[in-house]
Amino acid sequence: MSILEKYTEEPKVAYFSMEIGLKDDIPTYSGGLGILAGDTIKSASDLHVPLVAVSLIYRNGYFTQDLDDTGYQLERPVIWDPAKYMTLAPEKISVQIEGRTVYVQGWIYFVESLRGGNLPVIFLDCNIPENSEQDRELTNYLYGGGKEYRIKQELILGVGGVRMLKALGFTIKRYHMNEGHASFLTLELLHEFKKDIESVWDESLVWNYDIVKERCIFTTHTPVEAGHDKFSYELYNQVAGDYFPEKVLRSLAGHEELNMTLLALNLSYYINGVAKKHGEVSQNMFPGYRINSITNGIHSYTWTCNSFKRLYDKYLPGWANEPEILVRAETLPSEEIWNAHMEAKRKLIDHVNSVSGLNMRHDILTIGFARRFATYKRANLLFSDLDRLVNITAGKVQFIFAGKAHPKDEGGKQLIKNIISYSKELKDKVKLFFLKNYKMDVALDLVSGVDIWLNNPLRPLEASGTSGMKACHNGVPNFSVLDGWWIEGHIENVTGWSIGPEAKEIMPDENMNRIDAEDLYNKLEKVIIPTYYNDRNKWIWIMQNTIGKNAYYFNTHRMMRRYITEAYIR
Ligand SMILES: *Cc1c(COP(=O)(O)O)cnc(C)c1O
């Protein structure tokens with residue numbers, strides 16, 4: 001009897017994602033995309049949504065971040081054992097790669113909900129004895145290797161994923177592609193629903209696009225070019241052989257190059273961006289397709305620290321599975337909000353002091369900045385004018401930074417190095433610490449333990465952003481550029497503060513750095529620091545608003561319900 005027997009009775013939505021971040025010690029994610037996938041799955045489990053998720057196992061994880069003496073990032077593999085958390089299903093399927101038969105097995109992980117939900121996630125694995133040494137490596141690294149490694153992984157995910165679901169006995173009524181990495185699944189479905197007709201004049205008539213399209217949903221996640229995978233047809237042919245006729249593929253995925261985003265766009269009936277603004281930006285990028293938007297969220301229970309969990313349980317019971325209840329945050333007593341915050345802040349500051357010897361203080365305004373060190377996120381904006389920064393913040397503000405750069409992103413690695421050297425340069429004036437190895441547990445300590453969450457990406461490149469939503473679940477206000485979700489969450493001086501001008505369609509521009517930095521310094525000096533030190537009541541009222549006006553909405557329970565009513569059920 002299959003371990004999935006009782007999970008395959010009901011037809012399911014299949015959620016495909018190149019990365020999924022469910023918990024700290026399952027290192028199968030690199031950043032926001034993976035955490036969002038994990039949070040989505042957790043909400044689906046809480047809400048008893050009939051869903052099964054598919055990803056790859058990455059036996060060497062993403063990486064553990066270390067820094068050398070100069071602050072240059074070093075990457076070490078994460079050693080972990082899937083068997084500690086999951087069960088290997090005996091079913092095997094295969095995918096043809098470079099003419100070889102590559103066998104794939106699936107690790108089954110169950111996302112257990114406190115509400116009794118129990119949702120299966122399948123992590124595909126090629127590291128099995130039937131495969132050659134080379135092919136056993138295929139599911140070892142997340143975003144490792146070059147284009148060739150990548151297209152192979154995407155074939156395993158898309159083609160292998162559909163085959164595995166079938167082998168395990170699932171009936172799938174919808175396929176949700178979380179980003180274009182999974183869009184080869186559409187080709188496998190085209191094969192599955194191929195019309196049984198002989199000797200037609202036009203051989204392309206055998207492909208039943210409509211029936212595939214009816215089943216597919218595509219969420220695009222970034223306007224950044226590198227987020228949209230493209231492969232040459234030469235590479236496709238070399239790797240996939242005659243899996244799917246090139247001529248037809250070119251009509252679906254682009255004539256010049258195989259564009260995974262285009263493939264998904266052409267074969268999905270519902271397409272969406274991840275915030276209202278991102279929906280508009282994507283609509284401009286892909287004219288001719290109807291792009292909707294469903295704003296991202298985070299899993300409330302996962303991203304609320306213990307002291308706030310206790311506070312919500314006491315005054316707003318039921319909040320975790322019905323985050324809308326947080327709209328009544330006004331009923332939380334100010335003093336208890338402050339105490340809950342200080343408990344989290346002490347935990348963070350004590351930890352930072354124990355690893356840094358910096359002697360940061362509990363009563364100093366603490367600003368946090370942590371995310372992937374992609375250059376568009378501009379981790380160095382704060383340091384545009386060092387003298388000014390010192391003048392404004394010396395003795396009044398301390399900073400904690402964290403984040404990993406992609407192993408091949410030299411620009412991102414330079415940014416980390418810069419931050420480390422600023423921290424040394426400012427040492428006697430402004431305390432600044434870079435916390436190594438940003439991952440889920442570090443993220444929760446940071447978003448709950450700082451006083452302000454800083455985010456200053458270059459507009460309009462932050463599709464949504466989710467770490468700011470985590471902050472507001474812990475009563476921490478955002479200080480952020482008006483991009484992504486913050487356009488929808490921001491009310492000036494009520495839920496937090498903006499940086500720079502209103503959200504218009506502004507393309508990357510050197511001037512933006514100057515304008516944004518100027519506003520950042522000004523607000524910090526004239527509004528934020530004075531409010532923090534001189535008007536504690538107002539400050540706590542803003543904290544309350546982050547919960548009642550932001551957290552109640554920016555969660556994956558609300559997001560999942562929207563996917564169900566707008567995309568999954570039609
Ligand atoms: C939430 C989270 C992210 C995403 O943060 P953004 O603000 O969306 O960039 C990345 N990494 C980790 C570890 C996270 O917890």
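Colleague: Which strand holds Gln65?

Modeller: Gln65 sits in strand S3, residues 64-67. Strands here are DSSP E runs of at least two residues, numbered from the N terminus. This is a predicted model: local features need pLDDT of at least 70, side-chain atom pairs count only at pLDDT 80 or more, and totals for chains, interfaces and linings use all residues. Residues are numbered from 1 along each chain as its sequence is written, and side-chain values use heavy atoms, with hydrogens and water left out.

Colleague: Is Gln65 buried or exposed?

Modeller: Buried means under 20% relative accessible area, exposed over 50%, partly exposed in between (1.4 Å probe, protein chains only). Gln65 is buried, at 2%.

Colleague: What does the side chain of Gln65 reach?

Modeller: A polar contact is a pair of N or O atoms within 3.5 Å; within protein, one must be able to donate a hydrogen and the other to accept it, and residues adjacent in sequence count only if both atoms are side-chain atoms. The Gln65 side chain reaches the backbone oxygen of Gly403 at 2.8 Å. A polar atom of that side chain also lies 2.8 Å from the backbone nitrogen of Asn437. Gln65 and Asn437 are 372 residues apart in sequence, yet 4.7 Å apart in space, C-alpha to C-alpha.

Colleague: What is the strand order in the open sheet?

Modeller: Strands of a sheet pair through backbone hydrogen bonds, either parallel or antiparallel. Two strands pair if DSSP finds at least two bridges between them. Here 9 strands run S5-S6-S7-S2-S1-S8-S9-S12-S13, with mixed pairing. The edge strands are S5 (87-97) and S13 (292-293).

Colleague: How many bridges join S12 to S13?

Modeller: 2 bridges, and the strands run parallel. Gly273 has Ser293 in S13 as its bridge partner.

Note on methods:
Helices (H or I, at least four residues) and strands (E, at least two) are DSSP runs, numbered from the N terminus.
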